[in-house]
Amino acid sequence: VGGAETVDRARRMKGHGVAGNTRLDWADLMAFKRTFVEDVPEQRERALQQKGIATWHGRARFVSEDTIEVAGEHLRGKNILIAAGAVPAPLPFEGAEHLISSTEFLELNSLPYRIGFVGGGLISLEFAHVAARAGATVTVFHRRRHILPAFDPALADRLADHSRELGIDIRTEADVSRVERRGSHYIVHAAGAEPVIVDLVVHGAGRVPDVADLDLASGGVEASRSGITVNEFLQSTTNPRVYAAGDVASTAGPPLTPVAAMESNVVASNLLKGNHRTADYRGTASVVFTLPPLARVGLDEREAREAGHTFEVVEHDMSGWYVHRRTRDEAAAFRVLIDRQADRVLGAHLLGEGSDELINLFAMAIRFELPASELRHVPFAYPTHASNLPYML
Ligand SMILES: Cc1cc2nc3c(=O)[nH]c(=O)nc-3n(C[C@H](O)[C@H](O)[C@H](O)COP(=O)(O)OP(=O)(O)OC[C@H]3O[C@@H](n4cnc5c(N)ncnc54)[C@H](O)[C@@H]3O)c2cc1C
């Protein structure tokens, strides 16, 4: 995304003070990406071992309520933490085996010319924006009306329109029914849309807790479609020896890295000192790293209404605001939900460059219940994206 951002900005500013052509070099970009990830597993394992933590390699599964089997060994625990994460959801249509996962996409050494993404969620949109900047022809198939179901629908629609202007073909209400292989390419069939010929099809149609081969029944551990069922201490409701954290656990937190980290701290503390800590999800921000990014924190309108709040929605297009105009950021808008009586921000939804950072200020405002009327008077450095915040309240 960092590489795509640089190219995107240079292209937007071309003829407005910036000259010359830039392009993404996919092989170089992937080599750069590898420098962030390739040594991590070994380094982490060494760090654990230096702390006296033993490691085993293999797929673990329960053999009884206090014992798991891994790599042919039986390990008995006073407690067991399940932190197995999530995997791409199994897809029901013919030819689903031709789809590659997000992990495989991030390992491509060259970028195919035509790419189809199944599902219009966060992973597809982020990849689609990078691939389009790298020169690929991109089609996104999404079965519902609005892409990015976890985000504000009006801003998601605005992002979809902007993506189309960039040449990304987003097809909504287009449920993929079949992927057919024809030699070296694929034909994606979707209801309500013409078949599309592509060179690669990517799974972006959701992830599910990775519990399929854990043999939870032998461990007496209950799970639903959203993951291991846990109480407020992140302890299994059916086997008190067992805890769960991160994407595999059915909690109120979204499947994000900082949420997994926070939940694992809660579990560690409860394991060492007995159940006393609960997870606090207030002010958890989510970002779709498209170009520009889309971000949210707190409640959306439906959630605020269901929770019985009386609130005002402050909303505006920001593409003409100086902070966005100075980089020709043409898709910039916000919707902020404010309870005037309580003087609190209930939720913030931002589209545009800088949203990925600005959302964190709203996260603090929500978590620490900062008075909206006072936030208006903070003299944020100008012209930063934060300096827009007082005008959003
Ligand atoms: C493409 C993509 C982009 C993302 N981007 C972001 C982002 O920008 N920001 C963000 O906050 N989050 C992002 N996420 C989400 C984030 O990666 C997850 O929320 C986070 O990794 C969850 O951590 P975890 O420890 O619960 O699970 P994981 O990180 O998935 O780790 C679980 C591990 O357990 C292993 N495992 C599973 N089953 C077993 C078993 N039976 N035995 C032994 N080992 C097992 C798995 O192989 C895996 O290594 C992204 C996810 C994807 C797929």
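Leaving aside neighbours within four places in sequence, with which residues is Asn-270 in contact? In this predicted model, the partners of Asn-270 are Phe-233, Tyr-243, Asn-275, His-276 and Arg-277. Asn-270 itself belongs to helix α8, which covers residues 257-273. The relative accessible area of Asn-270 is 2%, and Asn-270 therefore counts as buried, a term that applies under 20%.

When residues up to four places away in sequence are not counted, Arg-241 touches Glu-65, Asp-66, Gly-77, Lys-78, Asn-79 and Ile-80. A further relation concerns Gly-219, which is 22 residues apart from Arg-241 along the chain; the C-alpha atoms of the two are separated by 9.7 Å.

Phe-36 has a relative accessible area of 55%, so Phe-36 is classed as exposed, the class for values over 50%. Together with Phe-32 and Val-37, Phe-36 forms a nonpolar patch on the surface. The accessible area of these three residues together is about 340 Å².

Attention now turns to empty space in the model. Rolling a probe the size of a water molecule over the atoms shows where such space is left. The second largest pocket has a volume of about 1000 Å³. Its lining consists of 23 residues, and those nearest the centre of the pocket are Trp-56, Gly-58, Ala-60, Ile-68 and Leu-81. Two or more lining residues of this pocket come from each of the elements α3 (40-50), β1 (61-64), β2 (67-70) and β4 (80-82).

Cavities differ from pockets in that a cavity is a space from which the probe cannot get out, whereas a pocket is open. How many cavities of 30 Å³ or more does a search of the whole structure find? The search finds 1. The largest cavity holds about 30 Å³ of space. Its lining is made up of Met-318, His-324, Leu-350, Glu-353, Gly-354, Ser-355, Leu-358, His-385, Asn-388 and Met-392.

Definitions and conventions
Residues numbered from 1 in each chain as written. Predicted model: local features only at pLDDT ≥ 70, side-chain atom pairs only at ≥ 80, totals over all residues. Heavy atoms only, no water. Patch = residues over 30% accessible without salt bridge, like charges linked within 9 Å, V, L, I, M, F, W, Y side chains within 5 Å. Areas by Shrake-Rupley, 256 points an atom, 1.4 Å probe, with all protein chains shown as cover. Salt bridge = Lys/Arg side-chain N within 4 Å of Asp/Glu carboxyl O. Buried < 20%, exposed > 50% of the residue type's maximum accessible area, 1.4 Å probe, protein only. Contact = heavy atoms within 4.5 Å. 1 Å grid on protein atoms, 1.4 Å probe; cavity = no way out; pocket = protein on both sides within 12 Å on 5 of 7 lines; lining within 4 Å. Points joined across faces, edges and corners; volume = space filled by probe spheres on them. Helix = DSSP H or I, 4+ residues; strand = E, 2+ residues; numbered from the N terminus.
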